[in-house]
Amino acid sequence: MNVKINTSAVCITLALSLYLSTISEIQILTDIKYILFPKDAHHPFNRVPSISYSKLINDDNSIDTEIFDSMREFGFFYVTNVSNYDAASELKYLKSFFALPTSTKMALAVKKHDSRNKNIYRGYGPVVENSGTQHKEMFNIGPHEVPTPSYKQTDSSLDKLRAISREQNVWPETGDVQFDEEFKKVFRLGVQIRIAIAQGVIRSIARSLKAEEFVSRFTEHEFSTLGLRRYPVRTRRSQNMNSEYDNVTLSELEHEDSTVTILTTFNCTGLQALYKKKYIDVPPSNEGFIINIGTIIEDITDMKIKAVRHRVKQVDFERHSIPFFFNPSFDANIRTSISGRLTAAGERSRIFGEWMRDYLPSVEPNLLEKSLTTDDGV
Ligand SMILES: O=C(O)CCC(=O)C(=O)O
């Protein structure tokens with residue numbers, strides 16, 4: 001690669017950087033950088049901010065404008081310098097999990113994939129061949145370690161689903177006790193770190209919107225899920241794996257999330273986000289996290305921040321990622337926005353649990369048995 005460096009531009013930038021960093025005028029520096037290095041301007045995501053973890057969880061309101069502006073323009077931002085977080089360790093245990101024998105993984109499969117198992121919502125999902133634009137292996141972990149609340153067949157579908165939202169985790173039993181314990185430790189901590197980040201994000205958005213009530217919609221977050229993902233290299237390609245938007249081959253279909261996502265992509269490329277009608281590569285999260293919101297939150301916040309449309313393009317290496325979907329409480333009001341307007345989700349659902357009862361079957365057919373989604377015949 002032939003890289004040309006403009007030495008005077010480098011010197012001016014360094015000098016300004018030293019001066020400006022002392023007075024925290026980083027945005028001015030960024031703007032000057034685009035004048036000096038026009039190439040950077042072609043990658044708009046270079047302007048997406050990295051927010052310090054400690055400022056976020058300690059409610060330092062100096063970060064609020066940066067978060068809000070980035071959520072409004074790009075629909076995402078980064079959180080970095082996360083104390084107590086070791087992405088390399090998560091990646092190591094994620095890879096070891098997916099390398100386990102199929103029988104060990106299938107013992108943890110959700111009921112949809114093995115009807116002998118009890119777990120319905122959290123657990124293992126094998127790669128489903130010929131699934132078009134979706135091509136991934138999964139293991140889902142939630143925040144609940146105590147037994148799933150019991151329910152009776154005569155309970156309403158909503159009450160049954162309320163119990164499922166608190167489904168107890170299943171964990172691998174490999175015969176190697178040390179591995180099993182470490183695996184649990186790493187990902188239980190991973191869930192806690194991401195919950196703390198998500199709550200910090202919600203509080204920051206609430207401050208920006210002057211809407212303290214917004215925070216109370218997330219007190220329980222029972223349905224939240226950490227998803228370990230492995231995207232294998234495809235051995236075969238066909239037209240139904242290609243995007244209808246621009247014909248790029250995908251391993252995750254274009255979509256918007258629903259609530260709040262704390263995403264780990266390690267050093268893997270492949271994630272793309274829609275910006276000004278074009279899909280653009282999102283720089284990997286490396287040691288930190290990528291934060292975005294989904295359509296329900298966009299609507300509750302009266303469209304003041306954006307649910308970014310994104311996808312994963314097929315890459316020529318085995319890809320790994322860990323999205324954490326942080327959800328409102330099962331009983332949270334999703335019917336009205338902060339300003340009191342009726343939301344799109346609210347036309348059918350009063351509370352988040354009701355919305356999930358309709359949504360899950362549409363994105364994961366057969367995940368929930370019929371008795372969990374309808375009250376017919378009860
Ligand atoms: O793997 C990624 O980078 C993104 C995953 C994603 O968009 C999803 O699971 O909803």
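1. Tyr-78 of strand 2 (residues 76–80) faces Ile-290 in strand 10. Strands 2 and 10 (residues 289–293) run antiparallel and are joined by four bridges. The model is predicted: local features need pLDDT of at least 70, side-chain atom pairs count only at pLDDT 80 or more, and totals for chains, interfaces and linings use all residues. Residue numbers start from 1 along each chain as its sequence is written.

2. The chain has 12 helices and 12 strands. Both are DSSP runs numbered from the N terminus (helices H or I, at least four residues; strands E, at least two). Of its 378 residues, 36% count as buried (20 or more other C-beta atoms within 10 Å of the residue's own, with C-beta atoms placed from the backbone). Among contacts between residues at least 6 apart in sequence, 68% join residues at least 24 apart. A contact puts two C-beta atoms, placed from the backbone, within 7 Å.

3. Eight strands form an open sheet, ordered 1-2-10-7-12-5-4-3, with mixed pairing. Pairing requires at least two DSSP bridges between two strands. Strand 1 (50–52) and strand 3 (124–125) are the edges; each has a single partner strand, so one side of each is left without a neighbour in the sheet.

4. Angles run from 0 to 180 degrees between N-to-C directions; axes are lines fitted to C-alpha atoms, for helices over the stretch in contact.

5. A second open sheet has four strands, in the order 6-11-8-9, with antiparallel pairing. Its edges are strand 6 (250–255) and strand 9 (278–281); each has a single partner strand, so one side of each lacks a neighbour in the sheet. Neighbouring strands are turned by 30° against each other on average, direction ignored. Three bridges join strand 8 (residues 271–275) to strand 11, where Val-312 is the bridge partner of Leu-271.

6. Which residues are around the ligand? They are Arg-229, Glu-252, Asp-257, Leu-263, Thr-265, Leu-271, His-310, Val-312, Ser-321 and Pro-323 (C-beta atom, placed from the backbone, within 6 Å). Strand 11 (310–313) and strand 12 (319–326) each give two or more residues to this shell.

7. Helix 8 (residues 157–164) has Ser-157, Lys-160, Leu-161, Arg-162 and Ile-164 as its buried residues. They pack against helix 11 (352–363) and helix 12 (370–373).

Terms used: A residue is buried if 20 or more other C-beta atoms lie within 10 Å of its own, exposed if 12 or fewer, and partly exposed in between; C-beta atoms are placed from the backbone.
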